[in-house]
Amino acid sequence: MIGGGYVGLVSGTCFAEFGTDVAIVETNPDRLAALREGRIPIYEPGLDRLVEDNVAAGRLTFGDDIAAAIKGVDAVFLAVGTPSRRGDGQADTSYVHAAVKQVARAADGYTLIVTKSTVPVGTGREIARIVRETRPDLDFDIASNPEFLREGNAIQDFMRPDRVIIGIDESRPGGATRAQDILRRLYRPLYLLETPIVFTGLETAELIKYSANSFLAMKITFINEIADLCEKVGANVTDVARSIGLDGRIGKKFLHPSPGFGGSCFPKDTRALTAIGRKAGSPVRLIETTVAVNEARMQAMAERIIAFAGGDVRGMTIGVLGLTFKPETDDMREAASITILGQLDGAGAHIRAFDPAGMETARAVLPPGVTYCGDAVAVAEGADIVVVLTEWNEFRSLSPDKLKKRMKGRRIADLRNIWDPQVMREAGFEYISLGRPEQA
Ligand code: NAD
């Protein structure tokens, strides 16, 4: 497994749990040192125990030497990052290309190279070309096996996925069969659970991943716009979402209004899909709009907080609950908090923030002036306004009275709708949330 991040570490550990011997190769010295010392460098519930068990069982090892790791293996998985390229939004495949070259150079016999990273359509064939160029003598096949796990629920998602997608090179029938056999064996425990395993061509598998993420991002963006509309016309987005979600064709998930989607996948994958569409001469206009609406939304949320504060936050103290892009992760990549707190800080507010898992990662990306608090209630200390940015469970049960005692002001902007407007109003707060009619 090349790459020991959110995907590589979880997938590698889960494959080991299936009974396979797994060597994870990680080049980031801090991450590797942590793993070797038995510490988990990311926050992912349940992962520590699973890693410990599989290391103890001798099925899971960590290192930075690709040649040693891939000696005699049946398959090599690429799980390195594919961030957005600055400027054009295309996925940056340079880590994938670099890893492929390293694998090709080090391979000591037949090698099946499987891409788990999310990569643009055509990358599989590009990988094959790079391998042929680097090692003309090497016997190899390629496959695409995009990963659908969600941070925060990653182990469950990997062990009980809705489906497994395996893209193979259909232009090489012999190789395709060989690749298929190896991956079938690897995913055997899931066959027993009757998980749908979908075999497709390479390009199809690559596009499936972008289509799935873009559809979900579009669904989030849809309900966000409906929430805005609810505010204008006096409707309630909670009831709208629940009622449309009861239609099985729509489904009730991903219909929660928010300050905008963020994270390591949706922003970059929607941008990448629009770039793929443009390049292919078949623009995906719904997703182009989704990207634009979402980016504008985060800015609009900061402006909304400023307006709620009376038009000027200079010198005000703003308490912030939640920083990560969603609960149960420490991942800060493209979190709405980055845009929103950047604007509030720029407008002269003093920010006091707390996040149950993301404070370490947040420090690197948030304005240096942010004060990090020891617990949720502490953000309210002297605050003119308290803002909810991530719906961690522990925030739902915060006592309004405790917040009130510590706050200087009485304003709460709940951008995740975690509290009941009536309860908050009765507790003496001036309270706004998203798309609910009771608000001022
Ligand atoms: P990540 O940045 O957490 O992990 C990538 C790791 O690869 C890093 O630790 C990096 O040091 C390491 N690495 C880079 N080049 C290497 C090399 N040559 N040899 C060894 N290690 C190397 O990224 P991630 O979140 O795990 O995402 C990886 C891929 O999976 C991306 O394409 C992403 O789009 C996709 N994906 C992510 C998620 C998610 O929830 N994070 C879900 C599905 C798919």
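Here are a few friendly notes on the sheet, a helix beside it and the ligand surroundings.

1. Before you start, please note that residues are numbered from 1 along each chain as its sequence is written. The model is predicted: local features need pLDDT of at least 70, side-chain atom pairs count only at pLDDT 80 or more, and totals for chains, interfaces and linings use all residues.

2. An open sheet of 5 strands runs in the order S3-S4-S5-S6-S7, with mixed pairing. Because S3 (75-78) and S7 (197-201) are the edge strands and have a single partner strand each, one side of each is left without a neighbour in the sheet. From one strand to the next, the twist averages 25°. Strands (E, at least two residues) and helices (H or I, at least four) are DSSP runs, numbered from the N terminus, and two strands pair if DSSP finds at least two bridges between them.

3. Within this sheet, S5 (residues 140-144) pairs with S6 (residues 164-168) in the antiparallel sense, over 2 bridges. Ala143 has Ile168 in S6 as its bridge partner.

4. Now to the ligand: 27 residues surround it, and the closest are Gly3, Gly5, Val7, Asn28 and Ser117. A residue is near a molecule if its C-beta atom, placed from the backbone, lies within 6 Å of it.

5. Helix H1 (6-17) and H5 each supply at least two residues of the shell around the ligand. The largest share, 4 residues, comes from H5.

6. By class, that shell has 11 nonpolar, 12 polar and 4 charged residues. Here Ala, Val, Leu, Ile, Met, Phe, Trp, Tyr, Cys and Pro count as nonpolar, Asp, Glu, Lys and Arg as charged, and the others, Gly among them, as polar.

Terms used: Axes fitted to C-alpha atoms, helices over the stretch in contact; angles between N-to-C directions.
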